[in-house]
Amino acid sequence: MNPVAARVMSTLAGQLGNPHGVLGKGVALLLNRSNRGLIEAAVAAAEVGAGQAAADIGFGGGVGLSLLLDRVGAQGTVYGVEISPDMLARARSRLAPEIGTARLRLLAGSLADLPLADAALDAVITVNTLYFVSDLGPVAAELARVLRPGGRAVIGIGDPADMARMPFTRSGFQLRPPDSIAAALERAGLTVEQRAVANRPITGHLLIARR
């Protein structure tokens, strides 16, 4: 890869991990479109019910927040946790009515340091976020901590072999096989099921962790 192309791919990788600025607006739309199928599968696998509390960690463009709000209904609560101030601001603008009724609560935070109480959630989803995490141990521990007994945490990732063929993943992406993620979740005391999700051009994997 020539130096110019390398810089472009590095910029894109940085935006995917933390969308911001003018480029971040376009990245948010891209994330909603390209991730929607895997996010829908994650929401379905989380089995979120009416009146429950659910969260989307690293919600990016925000499509997962809308899907979870539909699931929990008028009496439920959805938490959105993001490291990107720009994505938080975008969600606050787009979903202001839901914030006004307290159905949606948006918080700054990361997978390894969730701004949520112990046993606060019935379900958690996080899709295409683990690429930007260096250590799975704290993430698995945090997911286990915030789940109620019987709750589910659903992690969505792209198949690492498929992802490795994408040039932007050469800059700052941690591509892990699903089994290594499952092992980290199991060490945190969770029971894990794996499912493949047909998706083009990148096959998706769901790791469904139960407490």
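A search through the whole structure turns up eight salt bridges, each one a side-chain nitrogen of Lys or Arg within 4 Å of a carboxyl oxygen of Asp or Glu. The model is a predicted one, where local features need pLDDT of at least 70, side-chain atom pairs count only at pLDDT 80 or more, and totals for chains, interfaces and linings use all residues. Numbering starts from 1 along each chain as its sequence is written, and side-chain values rest on heavy atoms, with hydrogens and water left out.

Side chains of opposite charge can pair when their charged atoms come close. Helices (H or I, at least four residues) and strands (E, at least two) are DSSP runs, counted from the N terminus. D118 is exposed, at 55% relative accessible area, and R145 is partly exposed, at 23%. For these labels, buried means under 20% relative accessible area, exposed means over 50%, and partly exposed falls in between (1.4 Å probe, protein chains only).

R145 also forms a salt bridge with E142, with 2.7 Å between the closest N and O atoms. These two residues are three apart in helix α6, so about one helical turn separates them. E142 is buried, with a relative accessible area of 11%. Elsewhere, R165 and D162 form a salt bridge whose closest N and O atoms are 2.4 Å apart. R165 counts as exposed at 57% relative accessibility, whereas D162 is buried at 11%. Through shared partners, salt bridges join D118, E142 and R145 into one network.

Now for the nonpolar cores, meaning sets of buried Ala, Val, Leu, Ile, Met, Phe, Trp, Tyr and Cys residues joined through side-chain atoms within 4.5 Å. The largest has 36 residues, and L121 and L185 have the most contacts inside it. At least two residues of this core come from each of β1 (53-57), β2 (77-82), β4, α6, β5 (147-158), α8 (178-187) and β7 (204-210). Helix α6 gives the largest share, six residues. Leaving aside residues up to four places away in sequence, L121 touches A53, A54, A55, Y79, L116, V146, L147 and R148, where contact means heavy atoms within 4.5 Å.
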